[in-house]
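Visitor: I'd like to learn how to read helix packing and salt bridges in a model. Could you show me the structure and talk me through it?

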Amino acid sequence: MFRGAPLRNPQWENYLFRRRVIVAAAFSIALLTFVIIRLFYLQVVNHEHYTTLSRNNRVDILPIAPTRGLIYDRNGVIVAENQPTFSLEIVPERVEDMEATLAAVRELISVSDNDLERFRQILRRKRRFEETPLRLRLSDEEVARIAVNRYRLPGVEIKSRLSRAYPLGPLLAHTLGYVGRIDERELQQLDMSNYAATAHIGKIGVEKTYESVLHGEVGYQQVETNARGRILRVLERTPPVPGRNLYLNIDVRLQQAAQTAFGTERGALVAIDPNTGAVLALVSLPSFDPNLFVNGIDNVSYDALANSKEQPLFNRALNGQYPPGSTIKPIYGLLGMETGEIRHDTQIWDPGFYMLKGDERRYRDWRKEGHGWVDFNKSIVESCDTYYYELALTLGIDRMSEYMHTFGFGRTTGIDLTGESIGLMPSREWKRRVHRQPWFPGETLITGIGQGFTLATPLQLASATATLASFGRRLSPTVVGALETPDSGTRTPVQAKELPPVRVVDLNNWQRMHRAMINVVHSPTGTARSINRQLPYTIAGKTGTAQVFGIKQDEEYVAEEVAKHLRDHALFIAFAPAERPRIAVAVIVQNGGGGGAVAAPIARKVMDTYLLDDTGKLREEFQ
């Protein structure tokens, strides 16, 4: 150590201390000034702006999807339900490389190009913290594969959702329709405030017609979120209102009986309760599986359905337009008696054909040798064409067209399903407007036997048959019988609409027409006598055989020599029990042949299923 040097310098230390205090004070004052200015800027100058941002960041409103209503048949058999299913969904904000994640997922489970395209479309509309579905209806095996690989798939989640399902598959496809994903066009038309959480909507059938009832009302929850929009907690919740359940008038047993009776034939059957307008069965065959459409049908399956010669997507019951053939003879016969042009005992001679004066063409009867002397009853029982050629010429197309309209031909029936076809009941004005040609007498003749321009849907035939059965009372056919509120179980019946009735001058004419139709089935010469064996009730019916193409005067129709798609259509209309009708049925078997041999047995099986108990006796409520 240096001897004699001072150990401390107090002056230097004081100077150094004061200097440090001044610097620290100056820094503190500057920092405090900055904080005060910044606080003033945030709290005073931009108060409104940051208050709004803060509120938006803190609280968000999220929609909650309502549960879609269930659908039952008239006996409580469920025909449309909501099944829990697993779906694979991706949260974009948690995924670093979306393309790599998608590729990894496709190595584990099947993801079609359609799924991928749909995912990308939805991704553009959703926020990054929201789940975006990639694949729906995962199998248990697929769920397991994703679960064991979750550690290398950040942002990929398995969610449980309710998905629409149709447990009876094709049996009710044309009646129920199906739900499908909401497309861009529907997005423009919907009230998005009520569909904010819904991805599916009714596309056709009951699902579409009663969409507003089945869907319910969307719910909302107020949630606290962080700055990135992630939910921290639920502040308030308004639960959704579930859709109402539907109880159809359809009886699944009748649907199954009809489908079995048709076998491999194509065609349609409609059964109606003439007292209430309730549609008991609505069959169109062949059919399709509506479950394929719920979450998007693949191109291969859709092409197979759309391009099939059997046309399974075509609803023949509502949209099939066929010549009604002889099934409309009871209506023209009733018109003839009502107008006084014929009496029930008026007779004509049928040699097997009819000729117009000054015309060499022969309008042939279906029986080549003719029916001999024919009155009204025989004309219905044996379906004499010649009788109705002459009657039609006497009535004229104007009265025929007007009267057929009163039975609903050429018009919609008012059924509670969308897309119904109107058929065609020709008139002079119609032909002049559409074909720019006058009406010819020969066209009146063939209109009298349900051929020519006349077209009717199976639904129109069933509705007209119900009108015949109920002495002119007309009701709009109704598929849905009641709406049920799920919480309370309260059911509200759906009533059929009363339509303008068919009025007659002489009520006895109804009775004569009914007796003639009963004889079609129960007399030894009736064209549908083959279905009266061991019949414990009475059926009133009328057969029909509609030509698909015309044949020349010198040619003869031989079914076996004609291609299947050119053979005659087989038709049959009926109601039973004839004394107190509880069911009216119209059947058409496309290219099936004769109505009495092919269509009538199908109607018999459906009516047996509805009217008879397990012992084969008429049910007590129908006696």
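Guide: We'll take helix packing and then salt bridges. This is a predicted model, so local features need pLDDT of at least 70, side-chain atom pairs count only at pLDDT 80 or more, and totals for chains, interfaces and linings use all residues. Residues are numbered from 1 along each chain as its sequence is written, and side-chain values use heavy atoms, with hydrogens and water left out.

Visitor: How do α14 and α16 pack?

Guide: Two packed helices are described by the angle between their axes and the distance between the axes. Here, helix α14 (residues 329-338) meets helix α16 (residues 385-395) at about 50 degrees, and their axes are 10 Å apart. That makes α14 oblique to α16 (under 35 degrees is roughly parallel, over 145 roughly antiparallel, 65 to 115 roughly perpendicular, the rest oblique).

Visitor: And how many salt bridges are there?

Guide: Side chains of opposite charge can pair when their charged atoms come close. The rule wants a side-chain nitrogen of Lys or Arg within 4 Å of a carboxyl oxygen of Asp or Glu, and the count comes to 24 salt bridges.

Visitor: What does aspartate 183 pair with?

Guide: Aspartate 183 pairs with lysine 203, the closest N and O atoms being 3.7 Å apart. Aspartate 183 sits in the loop between β6 (178-181) and α7 (184-189) and lysine 203 in strand β7 (residues 200-204), so the pair ties together parts 20 residues apart in sequence.

Visitor: Is lysine 203 buried or exposed?

Guide: Lysine 203 counts as buried, at 18% relative accessibility (buried is under 20% relative accessible area, exposed over 50%, partly exposed in between, with a 1.4 Å probe and protein chains only). Aspartate 183 is partly exposed at 30%.

Conventions:
Axes fitted to C-alpha atoms, helices over the stretch in contact; angles between N-to-C directions. Helix = DSSP H or I, 4+ residues; strand = E, 2+ residues; numbered from the N terminus.
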